[in-house]
Amino acid sequence: MSTSDDVPQPSVLKQRAAQEIRRRIFAGEMRPGSKVDQDAIAADLGISKLPVREALIALDGEGIIQVAPRRGAFVAELSREDVRDHYWMFGLISGIAAERAVAHLTENDIAALDDLATAMESEASGTSRDGLNNEFHRIINRAAGSRRLLAELKLLSNAIPDGFYDEHPEWIADAMRDHREIVDVLRSRSAGMVRTLIEGHFLRAGNQAVTVLAERGFWSAE
């Protein structure tokens, strides 16, 4: 017998819907300019349309959906430069956070980052590796001590679905080397260098994201 504890909270359903819509967009299943079939998404997820509508409003704020009153919701017309700019902003804010974090990270924090970098290098599962990657950056970002930076970073990170780069294992290997270098620089307490490293880390990810989306036919109408 189910209880009220078994029923997902509305915020959880909204997050599930948002993640599924992001996945479909970045998988090339929903193309720029196409109308979002809210009924189909709700049916596929086994939820009502309300959390789907709420998810679309949130995604409109992220810039990947455009909600048009009385017309519905549409996948935003994202250009290659829009995608690169997203990662550029992500890297810029992450770099600022890392630069500030240098003065606050403890030796235990750096040891935890080292352990996470090692775990990512040996993790075969994309989902598990993404979780480790998120925790790696979360430790650095929290050490910056800025709620405002954390809020912006959460918004930027939400737009990138898990497993996005799994089709290119060589890029994952590059990212692992970046993480190892970031740990080494944090250990040396070089604030300027870690900011430069992290900005470059995200700029490369942006170029790779454009390649992945092009391979998936995201801009096939061009």
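Analyst: Let's start with a term we'll need: a residue is buried when its relative accessible area is under 20%, exposed when over 50%, and partly exposed in between. So E135, with a relative accessible area of 28%, is partly exposed. Keep in mind as you look around that this is a predicted model.

Now to the meeting place. The chain is split into domain 1, residues 10-75, and domain 2, residues 80-216. Their C-alpha centres lie 26 Å apart. At the contact itself, eight residues of domain 1 touch eight residues of domain 2. About 730 Å² of area is buried between the two domains, and carbon and sulfur atoms give 58% of that. Three residues stand out here: R22, F26 and E62 supply 64% of the area that domain 1 buries against domain 2, more than any other three residues. Helix α1 also matters for this count, as four residues, the largest share of the side of domain 1 that touches domain 2, come from α1.

What about charged and polar links across the boundary? One residue pair is in polar contact between the domains, with both residues at pLDDT 80 or more.

Let's zoom in on R22. This arginine sits in helix α1, which covers residues 10-26. Its relative accessibility is 6%, and the cut-off for buried is under 20%, so R22 counts as buried. Which residues does R22 touch, if we skip its neighbours within four places in sequence? They are L59, E62, I64, N158 and A159.

R23 is partly exposed, with a relative accessible area of 35%. The side chain of R23 meets that of E29 in a salt bridge, at 3.1 Å from N to O. Both belong to a network of salt bridges that links E20, R23, R24, E29 and D44.

E121 pairs with R180, their closest N and O atoms being 3.3 Å apart. E121 lies in helix α5 (residues 107-122) and R180 in helix α8 (residues 169-187), so this pair ties together parts that are 59 residues apart in sequence. E121 is partly exposed at 42%, and R180 is partly exposed at 22%. Then there's R138 with E135, whose closest N and O atoms are 2.6 Å apart. Both lie in helix α6 (residues 126-143), three residues apart, or about one turn of the helix. R138 is partly exposed too, at 34% relative accessibility.

Last, the aromatic rings. A search of the whole structure finds two aromatic pairs. F90 and F202 form a tilted one, 4.5 Å centre to centre with 40 degrees between the planes. F90 is in helix α4 (residues 80-101) and F202 in helix α9 (residues 191-215), so the pair ties together parts 112 residues apart in sequence. Both F90 and F202 are buried. In the pair of F218 and W219, the ring centres are 5.1 Å apart and the planes stand at 90 degrees, so that pair is edge-to-face. F218 and W219 are buried as well.

Definitions and conventions: Residues numbered from 1 in each chain as written. Predicted model: local features only at pLDDT ≥ 70, side-chain atom pairs only at ≥ 80, totals over all residues. Heavy atoms only, no water. Helix = DSSP H or I, 4+ residues; strand = E, 2+ residues; numbered from the N terminus. Buried < 20%, exposed > 50% of the residue type's maximum accessible area, 1.4 Å probe, protein only. Contact = heavy atoms within 4.5 Å. Phe/Tyr/Trp six-rings, centres within 6.5 Å; stacked < 30°, edge-to-face > 60°. Domains from an automatic or database assignment. Buried area = accessible area lost by both parts, 1.4 Å probe. Polar contact = N/O pair within 3.5 Å; in protein donor to acceptor, adjacent residues only side chain to side chain. Salt bridge = Lys/Arg side-chain N within 4 Å of Asp/Glu carboxyl O.
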